[in-house]
Structures are given as C-alpha cells and as structure tokens.
Amino acid sequence: MRTRVLRLLRRPWTAAVAAVALVVSVLVAMPASGAAAAACRVDYGVDAWAGGYTARVRITNLGPAVSDWRLTWTYTGDQQVTSAWNATVTQTGASVVAVDAGWNGAVSTGGTAEFGLQGTWRSADPAPDDFALNGTSCGDGGTPTATPTTSPTAPPTTPPTTPPPTTPPPAAECGDAVICSGFEDQAGPEPSGDWRFTAPDCQGTGTAAVDSAVSHAGGRSLRVDGRAGYCNHAFVAHSADLSSVGPVMYVRMWVRHTTALPTSHVTFVSMPDSAQGGRALRVGGQNGALQWNRESDDATLPAQSPAGVALSRPLPTDGWQCLRFAIDTSAAGLDTWLGDEQVPGLHADGVPTQDVDQQWLTRGTAPRPTALRLGWESYATGDDTVWFDDVAVGSAPIGC
C-alpha cells in the first residue's frame, strides 16, 4: 500500500473500490537566490483506477506575481499523459511540462492556478514530488507521508465498479431545497414517484432507469442511455414546480458519464423556461466543452469560437463530477461551477465579455425556469451513458 498522500477526501473507505485518490502538498519558503525565485505549493489530486488516472493540479504562488507559468515534474512510475485541460501538457520520457493556457497565466502572490490531465499507467503510478514553478523547485527534497483514501472511479474501458451501499447523505445537506433527491426512494427499474420519464419533443431509442449498481452515495442513481440523432430525446423530469424558487435559483447535481462531450451539440439538463414561452434553458456541451444554450434563439454561453470554448471546461469522464449552477431570475445572470472551480466561460453578469456572451446578451429577459429535467438530447452525433445522483434545487447556495 502506498504511503504518500496528505489530504483525505470526503469519501468512505471501502476495500471493494480499487481506485485510490492521492493528494500531495509541497510547501517551502522563498528561496534566497533572488528575483528568479518562485516559492510555491502544489496540490496534486489523483483519481486512479487499474490502468488509468485523472489528476487535478493546483498551483499556489507564494513568491512574486508572475504573468505566465511553467510547471515541471518527473514521474517515477510509468504514467503517460494522454490529454489535459486549462494547460498545455507535454511529456518526454518521465519528464512532464505544463504551461498555462494564456488566459490563466497571470498569478498574483498568494494566488492560484488550476489545471487537469488524464493518463495511463501499467505497473506503478506514485505521485510526483519534485514540482518546479518557472524553474524553481517547490520542494526541498523531503519525502511526504501519505494516507490512502478511495474514489469511486473505474476504468474507462469497463463498467464502473459497484461499491457496497452506504448511508445516503441526509436531507439536511440540501437545506430548504425544493428538490433534494439521491434516488433512494426509487424502487426501479423505471423512475417513479416525483421522477417520471419524458421525451419533450420526440422519442427514439434513448432510455432511462434507476440504477442500483452505480451511485455517488447511497445505493441508487439515475442512469440515462443517450443515443445520437435529433429524435432520441430521453429525460426524467421532477414533479416540483420551480417557478417560485429564487430570486437566484441554485442547482447542484453529481454527474458521471462515459464518453467525452462531442463536437456536436448535446444537452443533459433541460429546464422549461417561462421567459422563453416554455422553451428550454439547457446545459450540455459543444466542441468538447460544457455550454449553456437557449432553445428559443439557440444562443450559447460561451460563444463557440476557439477562444470562447477555451474559457469553458470539458466534463471529465468515468468519475463523479459535482456540477453547480446559479441562475439569477431577476437580472439575467448565470454562474457555473465544476467542483469548486467557477468556469469563466459559463458566467454571465450583463457586462459584455469577448468570446463569452455576445449571443447571450442579445436577449435581456431574465430566465425563469419552472421545472428540472435530466437526461440526454443529441442534435447530431453523440451517444453517451450518463448517471445523475444527489440532485438539489433551492433558493440558497448548495455545496458539493
């Protein structure tokens, strides 16, 4: 068993889960070598499974402000980086270099920058501990200690593993939310009670079912097998009337999916919007990244330019992701968080922002969602299997 992690994630330990989450924090004081010094801390969090991993990397700048950054490290196992987001990551042998994406290059003293990557491994995947920021080491050569924790990820090429049922989160975690559902009241296999299958426009071969084999917490989740093609709409709608939730509506859900968001447009959250005459305010993806879409005029947030898409984020596959929205029903504002990160391209505050809200601001009416639907809608290519769990909607912020 590895002995190198510093922070415990809030996950129950279970021997049935093969994945291991690692977090390494390396902190040193400012080197004495002068202006080139860049004291830093690096938090390297890993969700690993047999043969693969994703890593979340946070850099904290403890030295002078920088206008761009370059983080290097060396793998001591046989890890190979295959993709990355929010940074350009290259690997030569065991040496890895991550360079800022341009928009996130400036980091003030005490500020942070974050990026993520995905990769493979065969025989060993120890966390690196020799990080250097702009050529200056973030560590002093000491060996950090570690404590293993678990993460419910699974290999992308096999179905997710099935952890034994655990006690579902108490309803108090949702506060006074109008919707607070972990699907534990669903006997299955068909959604029932407050949740009902619906195909808003047309129905094809997409399906939805209660899944007792995969869950974020507790013993059940909602599984949607989405199919490509315009008339393959498959959603599960909650019966709650959301028309009085606000003035800011907060939505929190845990999402897990198996196929990267495609180039073509897809939707997995659809909210009927009275400000659009009942047409939907939609959350999904396009060009491989998350986006908002307004059904009435097909406006997107962000704009689908290369610069706009770069300000959004992909939805990582094969692991549970906490997705949160704040919808201002009085001032046409939107905010979106993936985990604890606010996504800059999915933010609208009424102030024009290049490559983000050119289309969105053509309509000044604030949205007024009235219901929540979870599922899959594709407008061209894009099959996917998506799970939803621990869903909440209310008038106060709801954490992950």
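Predicted model: local features only at pLDDT ≥ 70, side-chain atom pairs only at ≥ 80, totals over all residues.

Colleague: How many salt bridges does the count come to?

Modeller: Side chains of opposite charge can pair when their charged atoms come close. The count here comes to six salt bridges. One of them joins R58 and E114, whose closest N and O atoms are 2.8 Å apart; R58 belongs to strand β3 and E114 to strand β8, so this pair links parts of the chain that are 56 residues apart. R58 is partly exposed at 33% relative accessibility, and E114 is partly exposed at 29%.

Colleague: Which parts does the pair of R324 and D340 tie together?

Modeller: In this salt bridge the closest N and O atoms are 3.6 Å apart, and because R324 lies in strand β21 while D340 lies in the loop between β22 and β23, the pair ties together parts 16 residues apart in sequence. R324 is buried, with a relative accessible area of 16%, whereas D340 is exposed at 66%.

Colleague: Why does S264 count as buried?

Modeller: Buried means under 20% relative accessible area, and S264 counts as buried because its value is 16%. S264 is found in the loop between β16 and β17, and, leaving aside neighbours within four places in sequence, S264 is in contact with G285, Q286, A380 and T381.

Definitions and conventions:
Residues numbered from 1 in each chain as written. Heavy atoms only, no water. Helix = DSSP H or I, 4+ residues; strand = E, 2+ residues; numbered from the N terminus. Buried < 20%, exposed > 50% of the residue type's maximum accessible area, 1.4 Å probe, protein only. Contact = heavy atoms within 4.5 Å. Salt bridge = Lys/Arg side-chain N within 4 Å of Asp/Glu carboxyl O.
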